[in-house]
Amino acid sequence: MPLSPERNIYISTPGNIVAVTKKRPLEKVDLNFNGESTQHSTHSLHTYVAAINPPLARKLVETYVPFGENVLDPFCGGGGILIESILAGRNCAGFDINPLAIILSKSKTTWLDKGAIQTEYSRIMTGVTELVGHIQPTISEHAKYWFKEDTIPELAALSYAINECEAQEVRDLFLAILSATVRSVMLTYRGEVRLRKLQGKDLENFYPDTFGVFKNRVNLALKQIPQLPKHCIARAEMADAKNLPVEDEEYHSIICSPPYADDTNGVGYFQFSRYMLEWLGMPRESINMHKKRFLGGNKNGKKVPPSMTLHTAVANVKTRSQKHYKDAVAFYADYYHTLLEMKRVVSNWIIIVIGNRVLSRTLFDNANITLELFNSIGGVKFVDYYSRTIRKKRIPNLGSDGGGISVEHILVFKKV
Ligand SMILES: C[S@@+](CC[C@H](N)C(=O)[O-])C[C@H]1O[C@@H](n2cnc3c(N)ncnc32)[C@H](O)[C@@H]1O
């Protein structure tokens, strides 16, 4: 495949993609942002898997979205782009099909008075110790496997007390704090994308202090939440990126990082979220229902969308695994629909931050696939390209063997 000199990217259909700007606004910026804070403001209130690099999000917002204009992230996850948008003084909206993503995005972008947080914390803690052992945990038997026996009644008491909170915005914040607490007391290795239960001595020596962790998280929120800007609005709602609840051209720009693959072969957002969601009171069946709406979740009646690079990749996968073939076709058919929807709702820029992935030993060049899909859709021009290196992750099937997942591609399209 030829290499485009201006864009430094392999292009499988030379000539289709026209570079319209010679000088890119961020060409002199080191987009790796080594050493820059990624934990400022509310980013550290609750981690999310495969979250955007906050300095990158900030740079993109400030460069491409004029002051006074609004930003949309149709795959908002833990709210990284929304946080940086409001800090930069831009109104924004974020959608996601993962209910945990919405609780996190809302609570990380909603200003609250310190007093309101303190009052609620006192109310929760006043009754919680008496509740321990008297509240039936609502979580499934599957979920219990991931917690120490002593932890379960403590989390059940906290969950009950928080769900009694009447003010929706305060309750959302405490649900986010409970979720972060659940993550900390779970019997899993930290810093890994897929859940893996603690083994041997690691398990024996793990004595989580549920109420201590909860208190620390509340203290963090007391520092962070009252510092959020009050004047900027971040709307965060559950919605499918294939069918966004917004008007045509309602947003100036889209900045997003879509999933690189379906939930089973990719990062596993639902595995990451499901036990937190169970503790927040969501039944297992509802969680599974939401998971089906993940890109590629429904495999029926899907066709390979128009991209030569994608056709070549899926044809190769078909010779190796029928299951992976179906998974890939379903994922990219849905992804194509999200690109159509992005074009509908935006008036200026569509900025996509994406990495490649490997399935059945086949490279899926997501950057070129995105370029070719937009090319076939028409009405959007590929304008700028950047790349950056990302930390190596433990992601099954995405592969480090030439998959190039240590590189993140930043594709900037302009609606024409
Ligand atoms: C790479 S993550 C986004 C991370 C986010 N930028 C952050 O900073 O946390 C991709 C997100 O897409 C969401 N997603 C998957 N399928 C979706 C769909 N059909 N509609 C909306 N969101 C979807 C996932 O739940 C996940 O949160």
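Predicted model: local features only at pLDDT ≥ 70, side-chain atom pairs only at ≥ 80, totals over all residues.
Residues are numbered from 1 along each chain as its sequence is written, and side-chain values use heavy atoms, with hydrogens and water left out.

Around it are 23 residues, of which Y48, I52, G78, D96 and A241 come nearest; a residue is near a molecule if one of its heavy atoms lies within 4 Å of it. This shell divides into 15 nonpolar, 5 polar and 3 charged residues (Ala, Val, Leu, Ile, Met, Phe, Trp, Tyr, Cys and Pro count as nonpolar, Asp, Glu, Lys and Arg as charged, and the others, Gly among them, as polar).

A polar backbone atom of A241 is 2.8 Å from a nitrogen atom of the ligand. For S257, an N or O atom in the side chain is 3.2 Å from a ligand nitrogen atom, and for L295 a backbone N or O atom lies 3.2 Å from a nitrogen atom of the ligand. On its own the ligand has 600 Å² of accessible area, and the protein covers 99% of this (Shrake-Rupley method, 1.4 Å probe).

Turning to the helices (DSSP runs of H or I, at least four residues, numbered from the N terminus), two packed helices are described by the angle between their axes and the distance between the axes. Axes are lines fitted to C-alpha atoms over the stretch in contact, and angles run from 0 to 180 degrees between N-to-C directions.

Helix α6 (residues 151-163) and helix α9 (residues 210-224) have axes that come within 10 Å and cross at roughly 40°. The two helices are therefore oblique to each other (angles under 35 degrees count as roughly parallel, over 145 as roughly antiparallel, 65 to 115 as roughly perpendicular and the rest as oblique). In α6, T151, E154, L155, L158 and I162 meet T210, F211 and F214 of α9, contact meaning heavy atoms within 4.5 Å. By class, this contact has 5 nonpolar, 2 polar and 1 charged residues.

Conventions: Polar contact = N/O pair within 3.5 Å; in protein donor to acceptor, adjacent residues only side chain to side chain.
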